[in-house]
Amino acid sequence: MKKPSPVILFDANPLMVKRTGVSYYIAQLVSGLAATHPEATFVGYYYNFLGRKPRPTSPAAPNIHYRPIYHFPGPIINLLRRFRIEVPIELLTFMKPDFVWYANFLSQPSLFRTPRAATIHDLTFVDLPQYVARKNLSDLRRFIPSQLKQLDFVVIVSEFGKQRLHDVFHVPLKDILVTPVAPPPPVTGNKTTDRKILADMGITGKFFLTLSTVEPRKNVLNMLDAFLLLPEELQAKYTFVITGAIGWNCEAEVARLAELKRAGKNIMHLGYVTDEQRSALYRNATFYTSASRYEGFGMTPPEAMMYSLVCALSDVQVFREVAGKAALYFDQEDPESIARVYERLLTDTKLREQLAKVSLAQAKTYDWEAIARSLYDRMLAAIEKGHRS
């Protein structure tokens, strides 16, 4: 029997910015879809008003194509939505796909009742609204509830998120598909190259690491306070390295980092790092940490675990789901609790070695091709259901 050859449209707009969690998720999942289902065509649409933006180059495969929207500025879509004017996806893309996957929360209506799904990455806008930018918060609160009712199914990135989506919006569990975020394979390196990469970033000794945008939800202030609670000999021996861009509403974090730098503390903020730098950091860190107050999945712990790097994490449900027994957990609101875990990992070599073995095994439980197959099967089922109705 001949396999169906559907045309699946997806939102490629997050691929147009620097690597973020959402852009990584879309790129890897589309790559998995294209690899496991070469009979299908995947078309990524993106706003390119008057042709001013470059064409996306990744993900790339013979059955992945990109469709620029030249005639409509992207920001106008949300502006019109706020006035209850929604533009059908077919009028934007000039095509009639078999299925549309909206990979970043919000969706568009269809002239032809084309089957569709949307990925809701997290419910921060419900559970911790104080950590969401005001404009985004207003849009998500206003539009998500009604859009959920129009989707054929909803995609979310964790079992924790699935249950929250069901509890808050009463979406039937059978209509929610979990697509976890598999970490990329580790990149090998050598000591000489790593030493140069780290030295170029200003790192010459031992360090532990966090990767996160500097914003209130990521809880950088409590991690800084925890570092200062460590014994002085550990503060002198280890540098706390923070990477990630400066986010929103983070004046207190920026001021604190500047204050500690002036005081000569062993704390570094590197800002955005390249993939090469990121890999060198993972290969050489003593452990990885995140004190995040809330995550939809938490991509960086499994990414770190692919390098057999031990993790010290917030004791939140989604991190327990993602990292399991491969991490130590602390009360993210208590710097003393964080410091105790940090000190334990910095001083107990045997414990780090034991956890490192579990870390890699845990990270390998996630696989993009298996995740892609589960999504594709749901897409096909929705297409077939649409044909019957």
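1. Basis. The model is predicted, so local features need pLDDT of at least 70 and side-chain atom pairs count only at pLDDT 80 or more, while totals for chains, interfaces and linings use all residues. Residues are numbered from 1 along each chain as its sequence is written, and side-chain values use heavy atoms, with hydrogens and water left out.

2. Helices α2 and α5. Helix α2 covers residues 74-82 and helix α5 residues 134-148; their axes come within 11 Å and cross at roughly 65 degrees. (Helices are DSSP runs of H or I with at least four residues, strands are runs of E with at least two, and both are numbered from the N terminus; axes are lines fitted to C-alpha atoms, for helices over the stretch in contact, with angles from 0 to 180 degrees between N-to-C directions.) The angle makes α2 roughly perpendicular to α5, where 65 to 115 degrees counts as roughly perpendicular, under 35 as roughly parallel, over 145 as roughly antiparallel and the rest as oblique. The crossing is left-handed, a term for a near helix turned anticlockwise from the far one by less than a right angle. On the α2 side, Asn78, Arg81 and Arg82 meet Lys135, Asp139, Arg142, Phe143 and Gln147 of α5; contact means heavy atoms within 4.5 Å. This contact has one nonpolar, two polar and five charged residues. (Ala, Val, Leu, Ile, Met, Phe, Trp, Tyr, Cys and Pro count as nonpolar, Asp, Glu, Lys and Arg as charged, and the others, Gly among them, as polar.)

3. Helices α8 and α10. Helix α8 (residues 220-229) packs against helix α10 (residues 251-262) at about 25 degrees, with the axes 10 Å apart. The two are therefore roughly parallel, and their crossing is left-handed. Val220, Leu221, Leu224, Asp225 and Leu228 of α8 make the contact with Ala252, Glu253, Arg256, Leu257 and Leu260 of α10. By class there are seven nonpolar, no polar and three charged residues.

4. Helices α7 and α11. The axes of α7 (residues 191-200) and α11 (residues 275-284) come within 10 Å and cross at roughly 110 degrees, which makes α7 roughly perpendicular to α11. From α7 the contact takes in Asp194, Ile197 and Leu198, and from α11 Glu276, Gln277, Ala280, Leu281, Arg283 and Asn284. These divide into four nonpolar, two polar and three charged.

5. Second largest pocket. Its volume is about 580 Å³. (On a 1 Å grid over the protein atoms alone, a pocket is an open set of points with protein on both sides within 12 Å along at least five of seven lines, a cavity is a set where a 1.4 Å probe fits but cannot get out, and lining residues have an atom within 4 Å of a point; points are joined across faces, edges and corners, and a volume is the space filled by probe spheres set on them.) Of its 23 lining residues, Arg113, Pro115, Asp152, Ala382 and Gly386 are closest to the centre. Helix α16 (residues 368-388) gives the most to the lining, with seven residues. The lining has eight nonpolar, six polar and nine charged residues.

6. Cavity. The count is one cavity of 30 Å³ or more. About 40 Å³ of space lies in the largest cavity, which is lined by Tyr24, Val181, Ala182, Pro183, Pro184, Met299, Pro302 and Glu303.

7. Backbone. The peptide bond from serine 58 to proline 59 is cis, with omega near 5 degrees; proline 59 is in the loop between β2 (41-47) and β3 (64-69). Asparagine 249, in the loop between β9 (238-243) and α10, has a positive phi near 55 degrees.
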